[in-house]
Amino acid sequence: MVTSLREGRAEFCSDTACVEAVMNKVLKVSSEATEHAVMILWSVCYLFRDGDAQDALVKSNGLTKILLLMQSNCSPVVRQMSGDLLKIFRVNSKFSSCLSSYDTKTTHIMPF
């Protein structure tokens, strides 16, 4: 509820520890709490485009955690908001190096 008001959002985003704490708890809580946490991050980082919150998301290893969340058994709403959060890393030129440096050893597995 704090992030739904302008003053609350400003206070939440001014302290990067708040954003980092929410991001750190996303994978460690129930599915309902995960949905609320993603909604908070989505509203401050994607909907309102707060630069401080986006910086904190990058510093808290947000890219990896969002990708893991999307691969988990989460609701379609959470998956959609997580996809929107991933766009932050791609769209913002300041963060574009995050996606280009994301190295994975994943290979495609063919069914035959």
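Start with helix H2, residues 16–25, and helix H4, residues 51–59: they pack at an angle of about 50 degrees, with axes 9 Å apart. That angle makes H2 oblique to H4. On terms: angles under 35 degrees count as roughly parallel, over 145 as roughly antiparallel, 65 to 115 as roughly perpendicular, and the rest as oblique. Axes are lines fitted to C-alpha atoms, for helices over the stretch in contact, and angles run from 0 to 180 degrees between N-to-C directions. Helices are DSSP runs of H or I, at least four residues, numbered from the N terminus.

Before going on, a word on the source. This is a predicted model, where local features need pLDDT of at least 70 and side-chain atom pairs count only at pLDDT 80 or more, while totals for chains, interfaces and linings use all residues. Residues are numbered from 1 along each chain as its sequence is written, and side-chain values use heavy atoms, with hydrogens and water left out.

Back to the pair. H2 passes H4 in a right-handed crossing (the near helix is turned clockwise from the far one by less than a right angle). Who makes the contact? From H2, Thr-16, Val-19, Glu-20 and Met-23; from H4, Asp-52, Ala-53, Ala-56, Leu-57 and Lys-59. Contact means heavy atoms within 4.5 Å. By class, that is 5 nonpolar, 1 polar and 3 charged residues. Ala, Val, Leu, Ile, Met, Phe, Trp, Tyr, Cys and Pro count as nonpolar, Asp, Glu, Lys and Arg as charged, and the others, Gly among them, as polar.

Now stay with Leu-57, in helix H4. Buried or exposed? Leu-57 counts as buried, because its relative accessibility is 0% (buried means under 20% relative accessible area, with a 1.4 Å probe and protein chains only). Beyond four places in sequence, Leu-57 contacts Val-19, Met-23, Leu-41, Cys-45, Gly-62, Ile-66, Leu-85 and Phe-89. Its C-alpha sits 9.5 Å from that of Val-22, 35 residues apart along the chain.

Val-22 brings us to another contact. Helix H1, residues 6–14, packs against H2 at about 85 degrees, axes 4 Å apart. H1 and H2 are therefore roughly perpendicular. Phe-12, Cys-13 and Ser-14 of H1 meet Thr-16, Cys-18, Val-19 and Val-22 of H2. That contact has 5 nonpolar, 2 polar and no charged residues.

Last stop: Asp-84, in helix H6, residues 76–91. Asp-84 is buried too, because its relative accessibility is 8%. Residues up to four places away in sequence aside, Asp-84 touches Trp-42 and Tyr-46.

Conventions. Helices (H or I, at least four residues) and strands (E, at least two) are DSSP runs, numbered from the N terminus. Buried means under 20% relative accessible area, exposed over 50%, partly exposed in between (1.4 Å probe, protein chains only).
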